[in-house]
Amino acid sequence: LYLGGVAKKKNTLVMLPSSLSSSSASSKLVLLLIHAILCNYSISSFSYKTSIPSFCNSKRNFNRDLKLDTRQKIPRHNFNTELSLSITPYLPILGSALSVAGVVAFHEAGHFFAARWQGIKVVSYNIGYGPKILSFNDTKTEVEFALRAVPLGGYVAFPQNLIFNDEGDVIGEKDDPNLLQNRPPLQRALVISAGVLANILLTFILSFGTAFTTGIGSPVYNDGVVVTTIASPTSPGRMAGLKVDDVIIKVNGEQLTGSDVLIEKFISKVRTSKDVALPIEVIRNKEIIRTTVVPRANANGKASIGIGINANIKQINKAVATNPIEATKLAAEETIRLIQFTFNAFVRAISTGFSGNDVGGPIAVVKAGAKMAEYSPSALVGFAAMLSVNLAVLNSFPFPALDGGQLVFVLVELLSGKAVKREVRDFITGIAFLVLLSVGATTIIGDIDKQLNDPISVMMDSKSIYDNTKK
């Protein structure tokens, strides 16, 4: 802001850089405006600390949205701000989609490079499933790289070691040592687990960079959960008299002590109290209000009170590293914390039961990332780190269609000294893969249904986090 350049886009104040070397005020103004245009800022007003040359006043048609104010005197200040990614309507969505694709690509790159490093042949490297949208072949390695239509993950394809006759029946196996199936169990285990390890590494790298720049935040919670939305006038929450910005501090006599798992505990309490009257205490405008809410079945048959909630965050304490050793320590702690948090969340979800409609599909994931991107680039980085951990933890579960399930087959081979029969392994994996695809398809349908019906979403308000920061 040394030059006094201030651009306003809607309610967003954008401080443009002051490191322009031109000596004349007119040149500085022109360069400043060019920078704003190149960055796609829609300028509604502009102020400059020195007098504006007369030629600028004559260029009234330069930008119909441009208003020049030569009277305002802006003092020198040192600003360290972070530009929002909401410069254009589609940039947050694009940033989120690229983050999701990048996390998936990094996971598959783990499998790919672990195989290539050991000299194992690879047929193709794929982001997504189904028909190819874009592809190219590397003539040197004879590997196809493809972007596919269905955004439910990705995969690395390896050549089979089977020999087929003209009727398609298996008549033997190839003895090529560079095929994955012909490698020793530990080498196969390395290829299978490399995707999970790659995602953990990516989370560490992103956390390391965050620790050195904006700092890694740890939330401090007040007691209770904040009501953010009410589903409808007939919802149980509305009938109980709940209003937006209420803070629910007690349920059935139990104090809701602030923590990073309080949201899950509150939802679990509601889920297990279908048609049961729950006494609750609410803080509204510093007054305590007591009422009773009766959860009832929603469209999915699960108990709900029809409200959206957020964690009641007091502030975010940020730790900024001053050297690589400190950044490494902070990044390692954050990575471990995210792994533990995600694993516990998955365990709770599995133990309470869930359907495809209860979890977010690709649309919901991209939408969540776009909301983070609208606030700041560092929020989008945090989203990518959390998504990477989710992918690592999910793939670690011993489900046959996932990396963890394939590792189980290798473990059985190591312990028994005999590989699981190919027919049995293929049958189990095929069934599991169909289940996985059906759940994925259900999440997409659920995403579309939620978009059409404008649902109540329960998620942490990222803006409230970044608005209340302390180093």
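**Entry 1. Terms and basis**

I take buried to mean under 20% relative accessible area and exposed to mean over 50%, with partly exposed in between (1.4 Å probe, protein chains only). I note that this is a predicted model, in which local features need pLDDT of at least 70 and side-chain atom pairs count only at pLDDT 80 or more, while totals for chains, interfaces and linings use all residues. Residues are numbered from 1 along each chain as its sequence is written, and side-chain values use heavy atoms, with hydrogens and water left out.

Lys286 lies in the loop between β12 and β13; helices (H or I, at least four residues) and strands (E, at least two) are DSSP runs, numbered from the N terminus. Phi of Lys286 is near 70°, a positive value in a residue other than glycine. Asn285 lies in the loop between β12 and β13 (287-293), and its phi, near 55°, is also positive in a residue other than glycine. With 70% relative accessibility, Asn285 counts as exposed.

**Entry 2. The largest nonpolar core**

I then turned to the nonpolar cores, each a set of buried Ala, Val, Leu, Ile, Met, Phe, Trp, Tyr and Cys residues joined through side-chain atoms within 4.5 Å. Which members of the largest core touch the most other members? They are Val225, Ile248, Phe266 and Ile307, out of 23 residues. Two or more residues each come from β9 (216-230), β10 (247-251), α6 (262-271), β12 (278-284) and β16 (307-319). The most come from β16, which gives five residues.

I followed Phe266 through its contacts (heavy atoms within 4.5 Å). Not counting residues up to four places away in sequence, Phe266 touches Val225, Ile248, Val251, Leu256, Ile305 and Ile309.

**Entry 3. Strand pairing around β9**

I count two strands as paired if DSSP finds at least two bridges between them. Strands β9 and β16 pair in the antiparallel sense over 11 bridges. Strands β9 and β10 also run antiparallel, joined by two bridges. Val226 stands opposite Asn310 in β16 and opposite Val247 in β10.

**Entry 4. The cavity**

I searched for cavities on a 1 Å grid over the protein atoms alone, a cavity being a set of points where a 1.4 Å probe fits but cannot get out; lining residues have an atom within 4 Å of a point. Grid points are joined across faces, edges and corners, and a volume is the space filled by probe spheres set on the points. How many cavities of 30 Å³ or more does the structure hold? It holds one. The largest cavity has about 40 Å³ of space. Its lining consists of Ile248, Val251, Phe266, Val270, Leu278, Ile280, Val293 and Ile305. The elements β10, α6 and β12 give two or more residues to this lining.

**Entry 5. Aromatic pairs**

I paired rings of Phe, Tyr and Trp (its six-membered ring) if their centres lie within 6.5 Å; planes under 30 degrees apart count as stacked, over 60 as edge-to-face and the rest as tilted. The count comes to 10 aromatic pairs. One of them, Phe112 with Tyr125, is edge-to-face, at 5.8 Å centre to centre and 75° between the planes. Phe112 is in helix α3 (residues 91-117) and Tyr125 in strand β5 (residues 124-138), so the pair ties together parts that are 13 residues apart in sequence. Phe112 counts as buried at 9% relative accessibility, and Tyr125 counts as buried at 12%. Ring pairs link Phe112, Phe113, Tyr125, Phe136 and Phe145 into a cluster.

Terms used: 1 Å grid on protein atoms, 1.4 Å probe; cavity = no way out; pocket = protein on both sides within 12 Å on 5 of 7 lines; lining within 4 Å.
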